[in-house]
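I have kept to what can be checked against the coordinates.

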Amino acid sequence: MRAVIVAAAVAFIISLFGTPVAIRVFTALKAGQPIRSLGPASHQGKKGTPTMGGVAFIVATVFAYVAGHVALTTLPERQIAQEGPTMTALVLLGLFVFCGVVGFLDDFLKVRRRNSDGLSAKGKLLGQLIVGAGFGIAALYVASTNGQTVASEHISFIRDISWLDVGKVGSVLVFVFVIMAMSNGVNLTDGLDGLATGASILVLGAYALIGFWQYRHWCGDTDYQLHNAYCYQVRDPLEISMIAAAAAAACVGFLWWNTSPARIFMGDTGALGLGGLIGGLAVSTRTTLLSIIIGGLFVIITMSVVIQIISFKTTGKRVFRMSPLQHHFELAGWSEVNIVVRFWIVAGICVAIGLGLFYSDFLAVMG
């Protein structure tokens with residue numbers, strides 16, 4: 001537990017004090033956010049706000065993970081935690097960093113061209129596909145000494161569903177889909193000051209709790225197995241908890257500067273990175289389908305875009321004034337702060353339901 005706290009504390013401090021540095025650097029580089037002319041008129045006042053702020057909390061999380069591992073060398077957890085970077089950490093941090101790189105390229109092109117046209121949709125999806133496939137193969141084909149892999153060959157809800165065995169190739173495809181869906185979901189949720197950051201904090205916090213609970217009831221802990229018939233078949237749950245907690249804390253530090261009126265935006269750098277990490281956490285904790293509930297706000301906002309596109313292409317009519325959903329409420333007259341806080345409440349409810357289902361499953365099995 002102390003290692004998780006150390007990682008979270010380091011991430012928060014680096015992000016809180018590192019983000020102003022990023023603001024000054026990106027301002028000096030004139031890396032201001034271009035604003036779409038088709039967006040809400042109120043957004044024009046945000047033009048020029050530095051973007052690519054996701055770099056701050058991604059870097060903070062990586063350094064915090066290292067600090068957490070240093071703490072492990074002197075703590076009791078070392079007895080059942082692998083020394084040095086694990087494959088789980090490499091997959092999760094790799095998704096965070098390299099999905100962030102795809103977003104960074106998009107942000108860079110927007111800034112360089114001085115408009116909102118960055119990577120093409122196909123280019124962005126191709127980048128996500130390559131990153132997802134690469135780390136999906138690592139997650140499915142690189143096993144630990146006891147044969148455990150980061151991801152599973154089964155579709156999971158709260159744990160693996162035994163009759164939904166899709167094999168290694170099928171699991172890689174599922175892995176890629178989850179990463180792409182979640183990264184685009186967080187990206188679509190971004191757009192209002194602090195909205196995606198706050199929602200991500202809640203989801204990452206949930207996975208920090210799930211990872212730590214699995215660590216305390218882990219099949220890799222021989223002492224626990226001696227006294228209990230039920231344990232979680234996951235790989236490196238303490239690493240999962242440490243990374244999720246560090247990322248959540250780094251986002252809290254970033255939110256200090258990202259809340260309305262934002263002094264910096266996370267950009268696609270942060271949004272795609274966060275989505276990739278959350279997708280990786282869902283797969284590694286064997287909660288793939290549960291992530292639909294835990295990340296419910298991202299799903300709702302993504303579906304608003306899908307519904308809008310289908311409706312317009314089939315009937316020529318729009319269901320919403322504008323999509324994603326947050327912009328519909330902007331045009332309906334809601335203030336930006338009201339939308340953000342209410343959407344955070346929705347995200348919190350989804351997280352609470354997801355954690356409730358996770359814990360109720362444990363009680364049912366143990367009972």
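Predicted model: local features only at pLDDT ≥ 70, side-chain atom pairs only at ≥ 80, totals over all residues.

1. Asp236 lies in the loop between helix H7 (222–227) and H8, where helices (H or I, at least four residues) and strands (E, at least two) are DSSP runs numbered from the N terminus. Asp236 is not a glycine, yet its phi is positive, at about 55°. With a relative accessible area of 10%, Asp236 is buried, a term that stands for under 20% relative accessible area, with exposed meaning over 50% and partly exposed in between (1.4 Å probe, protein chains only).

2. Residues are numbered from 1 along each chain as its sequence is written, and side-chain values use heavy atoms, with hydrogens and water left out.

3. As for the overall make-up, the protein has 13 helices and two strands, and buried residues account for 56% of its 367 residues. Of the contacts (heavy atoms within 4.5 Å) between residues at least 6 apart in sequence, 76% join residues at least 24 apart.

4. The loop between H9 and H10 deserves a careful look, and Arg286 is found there. Phi of Arg286 is near 60°, a positive value in a residue other than glycine, and Arg286 is buried, with a relative accessible area of 4%. Thr288 lies in the loop between helix H9 (267–284) and helix H10 (291–294), and it counts as buried at 14% relative accessibility. Leaving aside residues up to four places away in sequence, Thr288 touches Ser156, Phe157, Val178, Ala282 and Val283.

5. Two cis peptide bonds can be inspected in the model. One runs from Ser260 to Pro261, with omega near -10°, and Pro261 is found in the loop between helix H8 (237–258) and H9. Another joins Ser323 and Pro324, with omega about 0°, and Pro324 lies in the loop between H11 and helix H12 (325–331).

6. Glu336 has its place in helix H13 and is buried, with a relative accessible area of 18%. When residues up to four places away in sequence are not counted, Glu336 touches Lys46, Leu192 and Asp193.

7. On aromatic rings, the rule is that rings of Phe, Tyr and Trp (its six-membered ring) pair if their centres lie within 6.5 Å, with planes under 30 degrees apart counted as stacked, over 60 as edge-to-face and the rest as tilted. By this rule the count comes to eleven aromatic pairs. The ring centres of Phe57 and Phe96 are 6.3 Å apart and their planes stand at 20°, so this pair is stacked. Because Phe57 lies in helix H2 (residues 54–72) and Phe96 in helix H3 (residues 87–113), the pair ties together parts that are 39 residues apart in sequence. Both Phe57 and Phe96 are buried.

8. Trp213 and Phe362 form an edge-to-face pair, 5.1 Å centre to centre and with 85° between the planes. This pair links distant parts of the chain, with Trp213 in helix H6 (residues 195–216) and Phe362 in helix H13 (residues 336–366), 149 residues apart. Trp213 counts as partly exposed at 27% relative accessibility, whereas Phe362, at 8%, counts as buried. Ring pairs link Trp213, Tyr232, Phe358, Tyr359 and Phe362 into a cluster.

9. Finally, how do H11 and H13 meet? The axes of helix H11 (residues 296–315) and H13 come within 8 Å and cross at roughly 120°, where axes are lines fitted to C-alpha atoms, for helices over the stretch in contact, and angles run from 0 to 180 degrees between N-to-C directions. H11 and H13 are therefore oblique to each other, given that angles under 35 degrees count as roughly parallel, over 145 as roughly antiparallel, 65 to 115 as roughly perpendicular and the rest as oblique. The contact is made by Gly296, Leu297, Ile300 and Ile301 of H11 and by Phe343, Val346, Ala347 and Cys350 of H13.
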